[in-house]
2 protein chains.
Amino acid sequence: MAFLMEAGRLTAVERATWTVDGARMENSAEHSWHLALFAMTLSDEAPEGVSIDRVIRMLLLHDLVEIDSGDLPFFADGAEDSAAQAAAETRAADRIFGLLPPDQGAAFRALWDEFEANETLDARFAKALDRFQPPNLNLATGGGSWTTYNVDAEMVRRRVGTRISNGAPSLWAWLSPRIARFFTKD
Amino acid sequence: MAFLMEAGRLTAVERATWTVDGARMENSAEHSWHLALFAMTLSDEAPEGVSIDRVIRMLLLHDLVEIDSGDLPFFADGAEDSAAQAAAETRAADRIFGLLPPDQGAAFRALWDEFEANETLDARFAKALDRFQPPNLNLATGGGSWTTYNVDAEMVRRRVGTRISNGAPSLWAWLSPRIARFFTKD
Ligand SMILES: [Ca+2]
């Protein structure tokens with residue numbers, strides 16, 4: 001129960017993305033739920049060989065480290081390769097998964113490590129969804145975090161498109177013309 | 001995408017339970033995430049034959065109907081058997097799952113109907129977790145919704161304990177002495 005109550009603190013980690021109704025910033029707990037629902041709903045877009053149930057589990061715990069390290073908005077300065085952020089996340093993983101019985105802690109940690117490494121089919125699909133959800137919220141809220149960070153189409157393609165097309169090519173094919181249309185509109 | 005963006009509105013549905021840090025009321029999106037993590041973490045407490053992956057999927061979508069019908073706190077007056085609430089939830093399920101392609105809509109709806117019917121092993125474990133999480137948040141926040149609704153130990157046993165012991169007997173065995181201790185303390 002120590003782990004599950006500590007995990008509940010993810011509700012206090014604010015993200016740079018707006019909720020779909022534009023009412024406030026999304027937090028990492030509800031973001032994790034939304035992503036798991038994306039995985040469940042978009043299972044037909046997963047490349048051959050992906051286990052949706054493993055992807056869902058990966059997404060449920062992918063952001064727990066943010067309880068200690070916070071969410072680093074990926075358009076923020078230095079977000080692309082911050083060694084300090086990576087070190088903070090590793091310490092957070094040690095502490096948070098360390099609250100579990102050893103066997104279970106190791107299993108959860110392995111799933112998180114796999115997500116972070118972004119090499120297996122499951123991790124690449126999970127990571128693609130983690131990049132696919134925010135643009136959809138941004139499109140629904142008239143720009144959202146793109147406006148906050150003064151992002152252009154090329155930056156979205158580079159930071160977001162690369163990851164999405166790596167894990168879920170058909171989702172990027174669906175999304176990219178919508179993004180292009182948004183950025184040429186003004 | 002219509003379904004997934006509509007689903008995002010679950011972040012605006014406020015529950016009667018406090019978040020674990022006592023900062024604000026929990027919403028149904030983060031509650032659904034927390035429950036799915038409970039299922040993943042407490043899999044050893046599931047009775048023989050339960051499929052945790054099905055339970056997780058059930059929990060991810062169990063509250064979507066609240067986008068239309070709202071959350072009815074289960075200690076509120078008339079919450080025990082409100083036909084009006086049940087009718088509103090059925091209409092909500094028709095509309096929300098109706099946003100999906102027909103096959104997928106039917107599959108998600110069947111999972112929600114199974115959860116509501118509370119008959120299969122998977123549904124009973126899922127429903128038990130839905131009743132098990134709030135008391136743990138209440139214990140962590142010094143009373144939480146029990147204080148709001150002026151609830152006593154007998155009422156918790158009747159409204160919460162029955163469902164938990166029906167789907168996850170070992171979790172009720174763990175929780176009930178903790179609840180008893182809380183209510184005799186004052
Ligand atoms: Ca993230």
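Predicted model: local features only at pLDDT ≥ 70, side-chain atom pairs only at ≥ 80, totals over all residues.
Superposition of chain B on chain A gives an RMSD of 0.0 Å, with a turn of 180 degrees and a shift of 0.0 Å along the axis. The two copies are therefore related as by a two-fold rotation axis. The same surface serves both copies, in that 100% of the contact residues of chain B recur in chain A. The contact draws 42 residues from chain B and 42 residues from chain A. About 3,500 Å² is buried between the two chains, and carbon and sulfur atoms give 73% of this area. Between chain B and chain A, 2 salt bridges are counted. A salt bridge joins the side chains of Asp53(B) and Arg57(A), with an N to O distance of 2.9 Å.

Helix 3 of chain B, spanning residues 52-61, is largely enclosed by the rest of the structure, because 7 of its 10 residues are buried. The buried positions are Ile52(B), Val55(B), Ile56(B), Met58(B), Leu59(B), Leu60(B) and Leu61(B). Their cover includes elements of both chains: helix 2 (28-41) and helix 3 (52-61) of chain A, together with helix 2 (28-41), helix 5 (83-97), helix 6 (102-117) and helix 7 (121-140) of chain B. Arg54(B), by contrast, counts as partly exposed at 32% relative accessibility. Its side chain forms a salt bridge with Asp122(B), the closest N and O atoms being 2.8 Å apart. This pair links distant parts of the chain, with Arg54(B) in helix 3 and Asp122(B) in helix 7 of chain B, 68 residues apart. Asp122(B) counts as buried, at 7% relative accessibility.

Over all chains, the count of aromatic pairs comes to 13. In chain A, the ring centres of Trp146(A) and Phe182(A) lie 5.4 Å apart with the planes at 50 degrees, so the pair is tilted. Trp146(A) belongs to helix 8 (residues 144-148) and Phe182(A) to helix 10 (residues 169-185) of chain A, so the pair ties together parts that are 36 residues apart in sequence. Both Trp146(A) and Phe182(A) are buried. In chain B, the rings of Trp146(B) and Phe182(B) likewise form a tilted pair, with centres 5.4 Å apart and planes at 50 degrees. Trp146(B) and Phe182(B) are also both buried. Elsewhere, ring pairs link Phe38(A), Phe132(A) and Trp174(A) into a cluster. In chain B, Arg178(B) lies over the face of Trp174(B), at 3.9 Å from the ring centre.

The structure holds 28 salt bridges over all chains. One of these joins the side chains of Glu6(A) and Arg95(A), at 2.8 Å from N to O. Glu6(A) lies in helix 1 (residues 2-7) and Arg95(A) in helix 5 of chain A, so that distant parts of the chain, 89 residues apart, are linked. Glu6(A) is buried, with a relative accessible area of 15%, whereas Arg95(A) is partly exposed, with a value of 34%. Shared partners join Glu6(A), Arg9(A), Asp68(A) and Arg95(A) into one network of salt bridges. A further salt bridge is formed by Arg157(A) and Glu154(A), with the closest N and O atoms 3.0 Å apart. These two residues are separated by about one helical turn, because they are 3 residues apart in helix 9 (residues 153-167) of chain A. Arg157(A) is partly exposed, with a relative accessible area of 42%, and Glu154(A) is partly exposed with a value of 42%.

How values were computed. Residues numbered from 1 in each chain as written. Chains lettered and ligands numbered in written order. Heavy atoms only, no water. Buried < 20%, exposed > 50% of the residue type's maximum accessible area, 1.4 Å probe, protein only. Helix = DSSP H or I, 4+ residues; strand = E, 2+ residues; numbered from the N terminus. Contact = heavy atoms within 4.5 Å. Phe/Tyr/Trp six-rings, centres within 6.5 Å; stacked < 30°, edge-to-face > 60°. Lys NZ or Arg CZ within 6 Å of the ring centre and 35° of its normal. Least-squares fit on C-alpha atoms with pLDDT ≥ 70 in both. Buried area = accessible area lost by both parts, 1.4 Å probe. Salt bridge = Lys/Arg side-chain N within 4 Å of Asp/Glu carboxyl O.
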